[in-house]
Amino acid sequence: MILQRLLLLMLLIGVCCKVQAQKSLPKNMVHVKGGTFVPLYGSDSTPVKVQSFLLDVYPVTNSEYLAFVSKYPKWRKSAVKKIFADENYLRGWASDLSLGANATKINNSPVVNVSWFAAKAYCDCQGKRLAKVEEWEFAALASETKANAANDAKFYQRSIEWYSQPNPTYLPPVQKSFRNYYGVYGMIGLVWEWTQNFNSAMVVGESRADVTMDRQLFCGSGSNGAKDVKNYVAFMRYAFRSSLKSNYTVANLGFRCAKSI
Amino acid sequence: MKGLLYCSFILCLGLGSCNQIETTDAHDTDAPTEQAALSEMSLYNLESEWMNQENEPVKLPQLQGKVQLVAMVYTSCTYACPRIVADLKRIEASIEKYKNDEVGIVLVTMDPERDTPEKLKAFAEENKLDAGRWTLLTSDEGNIQELAVLLSMKYKNSGNGEIAHSNIITVLNPAGEIMHQQEGLGKDPDETVKSIEGLLKQL
């Protein structure tokens, strides 16, 4: 009996928290209404269902990341273990707790040269998590005015143009980047971003090897081939993710956090 | 009640993800040397908590001190997983002369929802896995993914009960560093066996 009451209480608390979470959005997060979409890269044409979730408005900036490493010394440049972040970790920073001479230029720019482990730890410590590939791609379908601009030729053209631009010397502040339908900035045109399950793309590392892809490597659906290579932008993102390892740090790869509802 | 216990177990595991501020360096403590100073590339730097097939809590550094063969499976897999277990058994047969405290085999599930410690135990028994040699591990999804990415495993839960995944057998030295990886199924285990023997000679 007591146990039942306890359970009921827990259940009630759970429900309350849920309602509250929906009402008051955490600072700088937006609600992305779930739905289904056909991934532009996958083994079958069945639409993938994405539950509603919360997504950070901006990618994590240098100054935010600096606050994180100040609080958690194990993620400082000099302390981080190589298995969790390679030697280029936070390469642009002058030292453990200094962004260097260009601090004012890059304070509000996305933090880059961070590994998957570092990005994951950052989000964990905010009570958040990295966005899943499916969530990220779903939110990235949006143009300024439409939640799903997959069939908008102009939007697509713009996206592809960005991917053909070289990186600027200093990345722009996150607030200056492209703002989409959800009010999320920089999904296109700023940096690549880590996702929680970046290792879910079934593309074998080297493209040369893919031609005669060793099906034996895989179980289940065997292999996931390109579904809609028409969307070269999404294809590039999938290919890029599949080339990453968890301790890699890349000069134009940052991240943002998400949260389940 | 059992459900509650299970919940609290998951909760405990989940809390480990954001580690509190660590001001003391492991090297400065007087702890026995075998516990301290993990090399930078050791997989045992993961601080996550696991459960084995005996329902006992396990931390990865406990796997230190012997060569470990590691592979990821899920027990309801019908095609590749029985084959990867068969591949591991082939390797096991070639290293029979080495004792259990020299070489171990670790199977890690990719399917924590279905592969409870009980299920893993049943799987071990069905497949006649020597309990002295084989350790089967589960944890929460996040911890499993951390280990998976370090092993360069790619996997994707299709949602229909199947998990698409790469098949990799990894050889870890006694310090927990990756020394060799065998990719694919039904591969000639020669190189893997040689790698294990090479490591054991150094011991």
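Contact is taken here as heavy atoms within 4.5 Å, and helices (H or I, at least four residues) and strands (E, at least two) are DSSP runs numbered from the N terminus. The structure is a predicted model, in which local features need pLDDT of at least 70, side-chain atom pairs count only at pLDDT 80 or more, and totals for chains, interfaces and linings use all residues. Residues are numbered from 1 along each chain as its sequence is written, chains are lettered from A and ligands numbered from 1 in the order in which they are written, and side-chain values use heavy atoms, with hydrogens and water left out.

Turning to the two chains together, the axes of α4(A) (116-125) and α4(B) (141-150), lines fitted to C-alpha atoms over the stretch in contact, come within 12 Å and cross at roughly 165°. This crossing makes the two helices, α4(A) and α4(B), roughly antiparallel (over 145 degrees between N-to-C directions).

E40(B), finally, sits in the loop between α1 (2-15) and β1 (49-52) of chain B. Beyond residues up to four places away in sequence, E40(B) touches V80(A), K81(A), K82(A), I83(A) and N45(B). E177(B) lies 137 residues from E40(B) in sequence, yet their C-alpha atoms are 8.9 Å apart.

Technical notes:
Axes are lines fitted to C-alpha atoms, for helices over the stretch in contact, and angles run from 0 to 180 degrees between N-to-C directions. Angles under 35 degrees count as roughly parallel, over 145 as roughly antiparallel, 65 to 115 as roughly perpendicular and the rest as oblique.
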